[in-house]
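Biologist: I'm new to this one. Could you walk me through how to read its strands and helices?

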Amino acid sequence: MDFLHKPVLFRETIEALAIAPGGGYIDGTLGGGGHSEAILRALDGEGRLLGIDQDPDAIRAATERLGGFENFTAVRGNFRDIARLARENGMEGARGVLLDVGVSSYQLDAPERGFSYHHDAPLDMRMSREGTSAYDLVNGLSMEELRDIIWRFGEDKSAGRIAAGIVRAREQGQIETTGQLAEIVKSSVPAAVRRAEGHPARRTFQALRIAVNGELDALSEGLEGAMEILGPGGRLAVITFHSLEDRIVKRRMAEYCKGCTCPPDFPVCVCGKKPRGRLVIKGGLGPSEEELAENPRARSARLRVLEKL
């Protein structure tokens, strides 16, 4: 299966990066290379683009797709290490950084990757294809640990019931496939939840994926790393797909834009803190009705953009 991924908020993201020929840019979530190709075409043979992705399938596909651009470099790694990877590739003082956070269409649609409850496939969910898998978590964690993951990362009110259902099912044998897990979740939740819109396992699968890949910690570290290697006037564009990610980005960007933290009754500033950035799009930006009609998966996407001072 080809690594195909339809970028969301595509035009808005490229415009927000304000690409200047000759500048250095970093796509921290290379994926299928859609955003990267647009950046490279805007650079028109000048400047450089560094693409980063932890998925070996993405690196292979993007290298094939973008191999004709001499000013493109692909590196396998996690964007949580973006500052180090940028330095190693001579990309300090970048003019723009893009993070398109979350799981790609390819990863969801490739059954063998084990991300989706729509296919019956081995439980996996590892973006890097390395390390601890969803199979390991589902079959190895205690009921309390599973409940905590499903509640914190899936915000599912039935987390306790689902965790208990998983532990009961394990007594009959290992839970090996996405189909098994989806049925266990479905049978564990109240009837009203089963009748509600959307599959009842959606939040559990999201929670396990986030836990397997350490996504929220990676996002926090990646944001700080991006700010570290951006040059003055450089822009950070981040696309999120659920409220947990968006809250982190919104809060962190607000912190970057905040200056003095002295109490309001102080006559003069003594902390000396200055804003590190300014918001380019206040409140963030969601997909248009036209985009939603073409790509329903974009419905929860949010674009936030910051310019470094």
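Biologist: Let's start with strand pairing. How many bridges join S5 to strand S7, and in which sense do they run?

Modeller: When you read a pair, look at the sense and the bridges. This is a predicted model, and in it S5 and S7 (residues 302–308) run antiparallel, joined by six bridges. To find your place in that pair, look for Val 238, which stands opposite Arg 304 in S7.

Biologist: And which sense does S5 have with strand S4?

Modeller: Here the pairing is parallel: S4 (residues 94–100) and S5 share six bridges.

Biologist: Is S5 mostly covered or mostly open?

Modeller: For that, count residues under the 20% cut-off for relative accessible area, the ones we call buried. Strand S5 spans residues 230–240, and nine of its eleven residues are buried, so by that cut-off the strand is mostly covered.

Biologist: Now the helices. At what angle do H9 and H11 pack?

Modeller: Read the angle together with the axis distance. Helix H9 (residues 178–188) and helix H11 (residues 202–213) pack at about 125 degrees, and their axes are 9 Å apart. That angle is why H9 counts as oblique to H11. Their crossing is right-handed.

Biologist: Which residues in H9 meet which ones in H11?

Modeller: From H9 you get Thr 178, Leu 181, Ala 182 and Val 185; they meet Thr 204, Phe 205 and Leu 208 in H11. Sorted by class, this contact has five nonpolar residues, two polar ones and no charged ones.

Technical notes
Residues are numbered from 1 along each chain as its sequence is written. This is a predicted model: local features need pLDDT of at least 70, side-chain atom pairs count only at pLDDT 80 or more; totals for chains, interfaces and linings use all residues. Side-chain values use heavy atoms; hydrogens and water are left out. Axes are lines fitted to C-alpha atoms, for helices over the stretch in contact, and angles run from 0 to 180 degrees between N-to-C directions. Helices (H or I, at least four residues) and strands (E, at least two) are DSSP runs, numbered from the N terminus. Angles under 35 degrees count as roughly parallel, over 145 as roughly antiparallel, 65 to 115 as roughly perpendicular and the rest as oblique. A crossing is left-handed if the near helix is turned anticlockwise from the far one by less than a right angle, and right-handed if clockwise. Contact means heavy atoms within 4.5 Å. Ala, Val, Leu, Ile, Met, Phe, Trp, Tyr, Cys and Pro count as nonpolar, Asp, Glu, Lys and Arg as charged, and the others, Gly among them, as polar. Buried means under 20% relative accessible area, exposed over 50%, partly exposed in between (1.4 Å probe, protein chains only). Two strands pair if DSSP finds at least two bridges between them.
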